[in-house]
Structure formats: structure tokens, C-alpha cells
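Open the model in your viewer and keep the selection panel at hand. The tour goes from helix pairs to a pocket and then to backbone details.

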Amino acid sequence: MRVLVVEDEQLLADAVATGLRREAMAVDVVYDGAAAQERIDINDYDVVVLDRDLPLVHGDDVCRRIIELGLPTRVLMLTASGDVSDRVAGLELGADDYLPKPFAFSELTARVRALGRRATTALPPVLERAGIKLDPGRREVSRDGREVQLAPKEFAVLEVLLRADGGVVSAEQLLEKAWDENTDPFTNVVRVTVMTLRRKLGEPPVIVTVPGAGYRI
């Protein structure tokens, strides 16, 4: 899942990003509304965690921009105000969910995952295919009942492949969904991660390479 965190309190923004990365999400971080609009115009995000009170460009305008572009991106709006009228105003702008500060990180993570499932065709919380079961909330993976221990990026790649529901996912799409914008686009990290993932999932192989196209389960 690809997430953009937009928060002008840098320590909070970095802490949220670090926590979400530990949950196997690809996370970009910006600290003002202008930078957020630039990223939204360039990258495809499943979820934007958006502070409402931002410098340069207000969070309301960033939310409007996402709606105007017709993106499937879901918006979780944050605010220091607990006033009901503020929450209503944010939702009326087009935000999909609202979370007042301070918040529990576990709640933030659960809301981001729920919104991520709504960014595409509705999918169940637990993904299953070819004997593989992946539970994003619990960070658990099994194959035919056998627990499989995966590193965060391996987990993220497997989640993207399972969400494709048998469709082919290109290396570029995997790089976009499982890694952040600081990753070298010419790296072989996708190929290496898929190889390691295949080995950990065991025999017979369930990840198929489609020559010239990508990978599928």
C-alpha cells in the first residue's frame, strides 16, 4: 500500500511514517500543502494522511485537489480540533475519514488499512489465494496452514500480488506500491525481493513470472 503523510509537525510526521513502514506500507512524507499537491500530481497513492492546518496550501485545498483530479485515493484527515463542526466540514470537503489529535497509533493504522481496502475494488480484510493467507492487520502470513515469516518489504510485495486477485503486476507497479519515492527506479530490488519471497513461501512456486509483463499469483 502506498501512503502519503502530510503533516507540518515534522516529528509527528516522521513518527507516523516510521510506524506505517513497520506495517509494511510504502510511505512518502511532506510537511506542507504545496509539496503535497506536487506529490499527488506525480505519484499514485492509496491513502493520504492529511493534516488540515498546513502551511503554504491549506489541507482543505489539498483535499479538494484530490477530488478534482478524480483520483481513487482515500483521505484520512487529521486535526488538533475535536469540534464536531470541524469534522463535518472536513468530511463534506470529500475526506473519507477524520481523526482528531492526539490519536492512538493503532487506531491510525487500522483506519489507513480500512481506507486502503476501499481505494480499489472492495477486498476482504484477510487475503487468500493459492493456499496463501495474508492478514494485514495482524501482519501474519501462512501457506497451507504453515506460518511464514516475512520481512516488511516481502510482506508488502505479497500483499500487492494478492490484491491483484490473479492479475499480472509489473515490476514498476510493485516498486510504486511497496517502496517509497527515494528508491532508485533502476534497482533490481523487486527481482531480488520476489526471489526471496518465492523461497520463503516454499514449493511448488506460487508466484509466476510473466515474461515481459511482471508477476502474478
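A crossing is left-handed if the near helix is turned anticlockwise from the far one by less than a right angle, and right-handed if clockwise. Helices (H or I, at least four residues) and strands (E, at least two) are DSSP runs, numbered from the N terminus. This is a predicted model: local features need pLDDT of at least 70, side-chain atom pairs count only at pLDDT 80 or more, and totals for chains, interfaces and linings use all residues. Residues are numbered from 1 along each chain as its sequence is written, and side-chain values use heavy atoms, without hydrogens and water.

**Stop 1: two helix pairs**

Select α6 (residues 152-163) and α7. Their axes come within 10 Å and cross at roughly 120°. Axes here are lines fitted to C-alpha atoms, for helices over the stretch in contact, and angles run from 0 to 180 degrees between N-to-C directions. α6 and α7 are therefore oblique to each other (under 35 degrees is roughly parallel, over 145 roughly antiparallel, 65 to 115 roughly perpendicular, the rest oblique). The α6 and α7 crossing is right-handed.

Next, select α1 (residues 10-22) with α5. This pair packs at about 60°, and the axes are 11 Å apart. The α1 and α5 pair is therefore oblique. The crossing of α1 and α5 is right-handed.

**Stop 2: the second largest pocket**

Select R2, N43, E176, D180 and E181. Among the eleven lining residues of the second largest pocket, these lie nearest its centre. A pocket is an open set of points on a 1 Å grid over the protein atoms alone, where a 1.4 Å probe fits, with protein on both sides within 12 Å along at least five of seven lines; lining residues have an atom within 4 Å of a point. The pocket volume is about 190 Å³, counted as the space filled by probe spheres set on the points.

Now show α7 (residues 171-178), which gives the most to this lining, with three residues. Colour by domain: domain 1 (1-117) and domain 2 (125-214) each supply at least three lining residues. Those bounds come from an automatic or database domain assignment.

**Stop 3: backbone details**

Go to K101 and P102, joined by a cis peptide bond with omega about -5°. P102 sits in the loop between β5 (97-100) and α5 (105-118).

Move on to E203 and P204. Here too the peptide bond is cis, with omega about -10°. P204 is in the loop between α8 (189-201) and β10 (208-210).

Finish at L56, in the loop between β3 (47-51) and α3 (59-68). Its phi is near 70°, a positive value in a residue other than glycine.
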